[in-house]
Amino acid sequence: MADPEALVGSGTQQDDMLRVVAALAGILERVAERNDVAAAAAGTAEVAAPASAFRSTSKPGISVRAYVSRVARFAGCSPACYVVAYIYLDRLLHRGRRFALAVDSYSVHRLLITTVLAAVKFMDDICYNNAYFAKVGGISLAEMNYLEVDFLFGIGFDLNVTPKTFGDYCAVLQSEMMCAEAPPAPLRLQHCCLSESEDDAGSCGSQQQLAA
């Protein structure tokens with residue numbers, strides 16, 4: 001298990017923020033792209049996609065990476081919040097399999113802003129309110145409130161994160177950082193889910209699924 005301090009406490013907070021956000025953006029970007037490709041290959045029509053509060057009716061005009069950077073710029077939260085948001089997103093997807101909830105171009109933006117909001121409220125002593133996060137995320141306050149409630153019920157209000165779980169997900173993000181810095185390697189077909197099981201997040205196989 002990786003030492004969490006090595007990821008979110010190794011330098012200045014701004015440096016840590018940039019490293020964590022870049023790693024998270026890379027993971028979400030690739031998972032969304034692969035789910036888009038998988039849906040297109042399966043011939044899934046956009047209108048036939050499972051109904052979800054997290055699915056937009058059209059693809060947002062901002063890229064995943066630019067959106068993550070925007071949230072990081074204006075949210076004003078600690079780097080650890082993005083690790084926790086990543087954990088929350090994994091939990092939501094794990095519990096939401098029966099609803100066929102997936103990270104794709106139609107859902108990734110709303111999933112991100114909602115999980116970051118929840119992580120900030122749980123982790124930081126001082127944070128902005130829902131109206132502020134709604135503006136940052138480019139949605140209405142009513143939508144932000146609804147997404148927050150839908151998310152909380154979706155994960156069964158399971159917000160606590162143990163040090164071991166936090167460290168495991170830090171290891172995944174560290175792996176993503178190393179992959180980003182390494183020379184390009186041939187791509188292999190990976191699972192489209194963000195993860196199979198939170199309990200396996202520290203294993204090599206799970207890291208391949210998470211950070212593929």
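A residue is called buried when its relative accessible area is under 20%, exposed when that area is over 50%, and partly exposed in between, with a 1.4 Å probe and protein chains only. By that definition, buried residues make up 49% of the 212 residues in this chain. The structure is a predicted model, in which local features need a pLDDT of at least 70 and side-chain atom pairs count only at pLDDT 80 or more, while totals for chains, interfaces and linings use all residues. Residues are numbered from 1 along each chain as its sequence is written, and side-chain values use heavy atoms, with hydrogens and water left out.

The chain holds nine helices and zero strands, where helices (H or I, at least four residues) and strands (E, at least two) are DSSP runs numbered from the N terminus. Read from the N terminus on, the elements therefore run α-α-α-α-α-α-α-α-α. Among contacts (heavy atoms within 4.5 Å) between residues at least 6 apart in sequence, 80% join residues at least 24 apart.

Helix α4, residues 80-95, has 16 residues and reaches 23 Å from its first C-alpha to its last, close to the 22 Å expected, the expected span being 1.5 Å times one less than the number of residues. Helix α4 is mostly covered, with 14 of its 16 residues buried.

One of the residues in helix α4 is Tyr88, which links to a distant part of the chain by pairing with Phe151 of helix α7 (residues 141-154), 63 residues apart. Rings of Phe, Tyr and Trp (its six-membered ring) pair if their centres lie within 6.5 Å, and planes under 30 degrees apart count as stacked, over 60 as edge-to-face and the rest as tilted. The ring centres of Tyr88 and Phe151 are 5.9 Å apart and their planes stand at 45°, so this pair is tilted. Both Tyr88 and Phe151 are buried.

Phe153 and Phe157 form an edge-to-face aromatic pair, with 5.0 Å from centre to centre and 80° between the planes. Phe153 is exposed, with a relative accessible area of 61%, whereas Phe157 is partly exposed, at 48%. Phe157 lies in the loop between α7 and α8 (163-181), and it has a positive phi of about 60° although it is not a glycine. The structure holds five aromatic pairs, and ring pairs link Tyr128, Tyr132 and Phe133 into a cluster.

The axes of helix α3 (residues 64-75) and helix α6 (residues 130-137) come within 9 Å and cross at roughly 145°, where axes are lines fitted to C-alpha atoms, for helices over the stretch in contact, and angles run from 0 to 180 degrees between N-to-C directions. The contact is made by Tyr67, Arg70, Val71, Phe74 and Ala75 of α3 together with Tyr132, Phe133, Lys135, Val136 and Gly137 of α6.

Arg110 has its place in helix α5 (residues 108-123) and is buried, with a relative accessible area of 18%. Leaving aside its neighbours within four places in sequence, Arg110 is in contact with Ala53, Phe54, Arg55, Ser56, Ile139, Glu143 and Leu147.
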